[in-house]
Amino acid sequence: MSQEKVNRYKEEKANRKEILAKEKRKRTQVKICASVIALFLVCWLGYSVYDMATRPDSSAVELDVTALDEYLSSMNTEAQE
C-alpha cells in the first residue's frame, strides 16, 4: 500500500468512534423524520375519514311541482264537469 493509503487508514482508525457516532446520529434523525411524516399522514387520513363520516347530509333536492299541481287541478276540474 502506498503511504497515502496507510496514513488515511490510520486517520480513519483514530477517528472511528466519532465517525460511527455521526452515522448513528444521522440514522436516528432519519428515523425520527420518517416517523413524524408517517404519523402526520396517518392523522391526516384519519381526520379525512372522520370528517367525511360526520358531515351532515347536504343532498336535499328541491323540486318545482307547480306544473304538476296545475295539471292535476285541471284534471279534477274536467272530471267534475
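Predicted model: local features only at pLDDT ≥ 70, side-chain atom pairs only at ≥ 80, totals over all residues.
User: Why is methionine 75 called partly exposed?

Analyst: Its relative accessibility is 38%. Buried means under 20% and exposed means over 50%. Methionine 75 falls in between, so partly exposed is the label. The residue lies in helix α3, residues 66-80.

User: What makes tryptophan 44 count as exposed?

Analyst: Tryptophan 44 has 52% relative accessibility. The cut-off is over 50%, so the residue counts as exposed. Tryptophan 44 is found in helix α2. Its C-alpha atom is separated by 50 Å from that of aspartate 69, 25 residues apart along the chain.

User: How do you know that aspartate 51 and arginine 55 meet in a salt bridge?

Analyst: The N to O distance between their side chains is 3.2 Å. The rule asks for a side-chain nitrogen of Lys or Arg within 4 Å of a carboxyl oxygen of Asp or Glu, so the pair qualifies. The count by this rule comes to one salt bridge.

User: Why is aspartate 51 labelled partly exposed?

Analyst: Its relative accessible area is 29%. That sits between the 20% and 50% limits, so the label holds.

User: Which residues form the nonpolar patch on the surface?

Analyst: Val61, Leu63, Val65, Leu68, Tyr71, Leu72 and Met75 form it. Together they have about 720 Å² of accessible area.

User: How do helix α1 and helix α2 pack?

Analyst: Residues 3-14 (α1) and 16-54 (α2) pack at about 65°, with axes 4 Å apart. Tyr9, Glu12, Lys13 and Ala14 of α1 meet Arg16, Glu18 and Ile19 of α2. That contact has three nonpolar, no polar and four charged residues.

Notes: Residues numbered from 1 in each chain as written. Heavy atoms only, no water. Patch = residues over 30% accessible without salt bridge, like charges linked within 9 Å, V, L, I, M, F, W, Y side chains within 5 Å. Areas by Shrake-Rupley, 256 points an atom, 1.4 Å probe, with all protein chains shown as cover. Helix = DSSP H or I, 4+ residues; strand = E, 2+ residues; numbered from the N terminus. Buried < 20%, exposed > 50% of the residue type's maximum accessible area, 1.4 Å probe, protein only. Axes fitted to C-alpha atoms, helices over the stretch in contact; angles between N-to-C directions. Contact = heavy atoms within 4.5 Å. Nonpolar A, V, L, I, M, F, W, Y, C, P; charged D, E, K, R; others polar.
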